[in-house]
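Morning, everyone. Please look at the sequence and the model on the screen, and I'll walk you through a few parts.

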Amino acid sequence: MILFLVCLVTTTMQTKAEDRLGAKAKPLPALHVEGRYLVDTNGNRVVLHGVMDTPNAWFNGGRWGWSYDEEGLRRCLAYFEKLYTGLEIAHCNIFRLHLDPVWLNDKEFTYPGSVGQSEGTRGEADISHFNPDRLRHYLSTLYIPLLQKALAHGMYVVIRPPGVCPFNLHVGDYYQKYLMEVWDIVSRNDTVQKYFGQVAFELANEPVNLRNSQNEDDAKAMHDYFQPIVDTIRSNGFKGIIWVPGTGFQSNYIGYKQYPIEGQNIGYAVHVYPGWYGCDDRKVDLDGDIEKSKHEFIRQFGRQVPVVENSPIFVSEVDWSPIKEPRVFDKVNEWGDSIYKNLGTWATASTSKWGQCYKAMIDHYGNISMTLTHPHDYLDLDSLVKDPWHPVPAFDGNPEACSGACWQWYADASTKTNPIVRADFPGFDVIRVRAIDDMLSK
C-alpha cells in the first residue's frame, strides 16, 4: 500500500512535469520577517521545504566531472540545471547554496580526507588558501548563475559561506574577520542586492564553541560575534533575511534569548539530527509512548532554541534513514556517539519513531522551514541525471527514510501554498526562459 502511494504521487508528477516546466512558472514574491513568521508580499505566512547542495565534484559524485576549469564550470552549471528541474517537480521551494571553497581557494581542496574542524588546521575549516578575488570572480560566473537558476525553478535561495567553522571561536578572532570579509563581498554585489526578497544569508556553518573576546564563557558571546557581521551586511545595503547560527553544531541558542540579534529580517538557522534534542529511535522505544516522545522533543527543542518563540527558524540541515542490516557501526557523530550504518544519510533513525517526533515539533511551532542535508537524501540522483523531468525519491521511496517521508510532506505542503500573484525580482521571465531553453538543449 505504501509503495502504491509513492508510485501514485510519482506518476502524477510525471504526467505534469513537462507542462509545469514548459509553462510560465509561479514567480517568487519577496519574503520578510514579521514576528516569528516568514511573510510574503501578499501577506501569506510561508514555510519553506527543500534541500541543500554544493558545487563540488566530490560531493556531487563526479556527475559533472572532476575538473575546476572553465569546462568544469559549464558542466557544473548544466548538472545543477538538471537538479533544479527535478527539485521543482518534487515540490521544493528553497535551496541552500554553499559557496564551496574548492572554487575559492588558491589551492584546491581534495576529497575525501580533507574534512575536519579541529582548530581550523585542516579540512573545510582551513581558510589559509582563501582568495577574496576568486570569491568575486566565481560569485559572478558560478554562484549568481546557480542562484538565478534556482529562482527560475521556483526556489528561494539561502547562501551559506565557504567551509565550516573551526572548533573553537572567540569574539574578535581571525575567523570572525574572515566571515566579515566574505559577507562584505557578497552583500555588496549589485545582483545579490536586487534579489534581497528571494535570497537570504546563513552567516556561518556549525559553530561549536564560542567565547567572548577574553576567551571566557559568556551568554552574550554569540551576539557579539555575529551582530557586527549583520551590521556590515546592512551597511552595504542588503535588506534581505539573515539566518543566524548558534553553537553546539547549531543546536544551542540560549544566549540569544537574553541577547538577540538586533535589526529587521532576522531569523535563526538550526541543525536537527537524530540523537539531538533528547530524542532518537532508542529513546522512543524506551518511552514506550510516541506521544510522550513527541512532547519531550518539542520541550527540549524549545529549551535549546528559545528563539523559536519569537523568530522564524530555518532547519538548514536534517536527514535520517533506518539501520541497514546486518547491523554494523560505520562512523561516529558530532558528539562522539557510534552510529549504525544506514541507507546513505548522515544520521540513522526511522520515520515511524524519531521522524514522527521531528514532524510533531515542526508542526507544533509552525514557523520552521527546512532543507535536507543533501539532494541524495531526497532524490535518486543517478536516475535524475538520465531523466530530470521525472524525478524519483531516493532509497526507493522508503517511507522510513527522509526521502519517502519528505516526498509526501513536501507534496502536502505545496497544496497548502496560497496563490502567488506577482514577481518581485528583476528579469524573472528572461531567467525562466533561459532555464527552460538550457534544459531542452541538453
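Strand E8 (residues 199–202) runs parallel to strand E10, with two bridges between them. Strands here are DSSP runs of E with at least two residues, helices are runs of H or I with at least four, and both are numbered from the N terminus. Two strands pair if DSSP finds at least two bridges between them. Across from Ile 242 in E10 sits Phe 201.

A quick word on the source: this is a predicted model, where local features need pLDDT of at least 70, side-chain atom pairs need 80 or more, and totals for chains, interfaces and linings use all residues. Residues are numbered from 1 along each chain as its sequence is written, and side-chain values use heavy atoms, without hydrogens or water.

On its other pairing, E10 meets strand E11 (residues 266–271), again parallel, over four bridges. There, Pro 245 has Ala 269 as its bridge partner.

Which way do the E10 residues point? Ile 242 and Val 244 go one way, Trp 243 and Pro 245 the other. In a regular strand, side chains alternate between the two faces of the sheet. All four are buried, meaning under 20% relative accessible area with a 1.4 Å probe, protein chains only; over 50% is exposed, and in between is partly exposed.

Now helix H12, residues 402–414. Its 13 residues reach 17 Å from first C-alpha to last, close to the expected 18 Å. That expected span is 1.5 Å times one less than the number of residues. Among its buried residues are Trp 407, Trp 409 and Tyr 410.
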